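Dear colleague,

Here is the structure I promised to pass on to you. Please look it over first; my notes on what was found follow below.

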Amino acid sequence: MILLPCAWCGSRDASEFQHVGEVIPRPNPAAASPAQWRGYLYLRANPCGWTTETWYHRMGCRRYIKVERHTETNEVRAVHPTEVSASRSSQDQPPEASGAPAREARQRR
Ligand SMILES: [Zn+2]
């Protein structure tokens with residue numbers, strides 16, 4: 001079992017989440033070539049090691065988080081909330097952003 005520490009809900013089983021994919025910087029729309037767009041849309045590094053991914057807590061708070069995860073061991077070393085959209089209020093900040101102690105990332109097999 002893999003535990004993912006949600007920035008808002010705490011550690012939860014990975015089955016509550018949907019894996020969205022690797023975090024890839026978006027190319028500049030005004031200057032990107034078709035090859036750059038194709039790479040952004042379809043090509044993934046899929047490393048054996050540390051990667052930053054986006055996960056969606058579909059069975060919990062229904063928010064997105066960025067997770068730094070080792071793809072071989074499933075160890076999680078950091079979790080960050082994604083940027084808050086304009087429709088969310090400042091009260092929607094995760095506990096870590098409000099000064100509460102950060103939750104420890106845990107992982108079990
Ligand atoms: Zn959550």
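This is a predicted model, in which local features need pLDDT of at least 70 and side-chain atom pairs count only at pLDDT 80 or more, while totals for chains, interfaces and linings use all residues. Residues are numbered from 1 along each chain as its sequence is written.

Arg62 is found in the loop between β4 (50-56) and β5, where strands are DSSP runs of E with at least two residues and helices are runs of H or I with at least four, numbered from the N terminus. Although Arg62 is not a glycine, its phi is positive, at about 60°. Arg62 is exposed, with 9 other C-beta atoms within 10 Å; by the cut-offs used, a residue is exposed with 12 or fewer such atoms, buried with 20 or more, and partly exposed in between, with C-beta atoms placed from the backbone.

Asn74, in the loop between β5 and β6, is not a glycine either and has a positive phi of about 65°. Asn74 counts as partly exposed, having 15 C-beta neighbours inside 10 Å.
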